[in-house]
Amino acid sequence: MLKLLVLAAIVLCGHCLEESLEDHGRVVGGMEARKNSWPSQISLQYYSNGGWYHTCGGTLVQQNWVMTAAHCVDSNMNFRVVVGDHNIYQQEGTEQYISVGRIFVHPYWNSNNVAAGYDIALLRLSQRATLNSYVQLGALPPSGQILPNNNPCYITGWGRTKTNGQLATVLQEAYLPVVDYSTCSSSSYWGSTVKNTMVCAGGDGTRSGCQGDSGGPLHCQVNGRYYVHGVTSFVSSSGCNVYRKPTVFTRVSAYISWINSVISSN
């Protein structure tokens, strides 16, 4: 069963699939985001062969804390976070580069089975980010909140534009409405692979997350304000934008107490 689940679900970080170091793309079926319109979005980068390379997204949740996916930080690498970024290959003057001081992976995370859930991690930064019009904290939802089917949400990231697709340099966004758990866990969607601690979004066969988007936010609109309801986790091994295989996210509202506990005690 584990082997079948691994084949069915592919995690979305840049280095997890042993891609070439320069092999980065963007959200599938999306468009370029207005510059710094998602100011809590970060680029998680790792150091290799004298350079820094984007591997995952993430969300700035406190000035010195970032939320991302556990699978993004499974490897023993030297990581840094870039806040205030738009074009990850150019310095535009809005970026802040901050090293990762310590990594806290959820204790129940199993790197051999992403479909088991708990794909969430917190990164304590070595210094506090300076908040300004380019850098802001992401708003987290109330503990336990479940969004209704078709609730409007957006995925953002620097992931691929299509499965094995072209590269991109600027932050992308795509509209991915929520697919509720009863639908997403049905046999014609993800079935038992999806747990109730996850959020499904999209699945129209056109728009989705893809490699390089992992760890990044799913921004969902509730009462006129955007909250980070998801951490990008996995897609189908058949492709990023497979019909009725929505992008799957860790449901942030299921982990609020863990997030608060880690931050308050560290």
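I began with the inventory: the protein chain has three helices and 15 strands. I note that this is a predicted model.

**Whole chain**

I looked up burial next. Of the 266 residues in the protein chain, 55% count as buried. I then checked the accessible surface, which comes to about 11,000 Å² for the protein chain. Carbon and sulfur atoms hold 46% of that surface.

**The barrel**

In what order do the six strands close into a barrel? I traced E3-E4-E5-E8-E7-E6, with antiparallel pairing. From one strand to the next, the twist averages 45°.

Strand E4 covers residues 51-62, and strand E5 covers residues 65-68. Three bridges pair E4 with E5 in the antiparallel sense. I also looked up a bridge partner here: Gln62 has Trp65, in E5, as its partner.

**Helix H3**

I moved to helix H3, residues 256-265. Which strands does H3 lie across? I found E4, E5, strand E7 (96-105) and strand E8 (121-125). H3 runs at about 25° to E8.

Is Ile256 buried or exposed? Its relative accessibility is 11%, and the cut-off for buried is under 20%, so Ile256 counts as buried.

Which residues does Ile256 touch, leaving out those up to four places away in sequence? I listed Leu140, Pro141, Pro142 and Ser143. Leu140 is 116 residues from Ile256 along the chain, yet their C-alpha atoms are separated by 8.1 Å.

**Strand E9**

My last stop was strand E9, residues 153-157. Why is E9 largely enclosed by the rest of the structure? Four of its five residues are buried, so the strand is largely enclosed.

I looked up two pairings of E9. One is with strand E13, residues 217-222. E9 and E13 run antiparallel and are joined by three bridges. In this pairing, Ile155 stands opposite Leu218 in E13.

The other is with strand E10, residues 172-175. How many bridges pair E9 with E10? I counted four, again in the antiparallel sense. Here Thr156 stands opposite Glu173 in E10.

Notes. Residues numbered from 1 in each chain as written. Predicted model: local features only at pLDDT ≥ 70, side-chain atom pairs only at ≥ 80, totals over all residues. Heavy atoms only, no water. Pairing = 2+ DSSP bridges. Axes fitted to C-alpha atoms, helices over the stretch in contact; angles between N-to-C directions. Contact = heavy atoms within 4.5 Å. Buried < 20%, exposed > 50% of the residue type's maximum accessible area, 1.4 Å probe, protein only. Areas by Shrake-Rupley, 256 points an atom, 1.4 Å probe, with all protein chains shown as cover.
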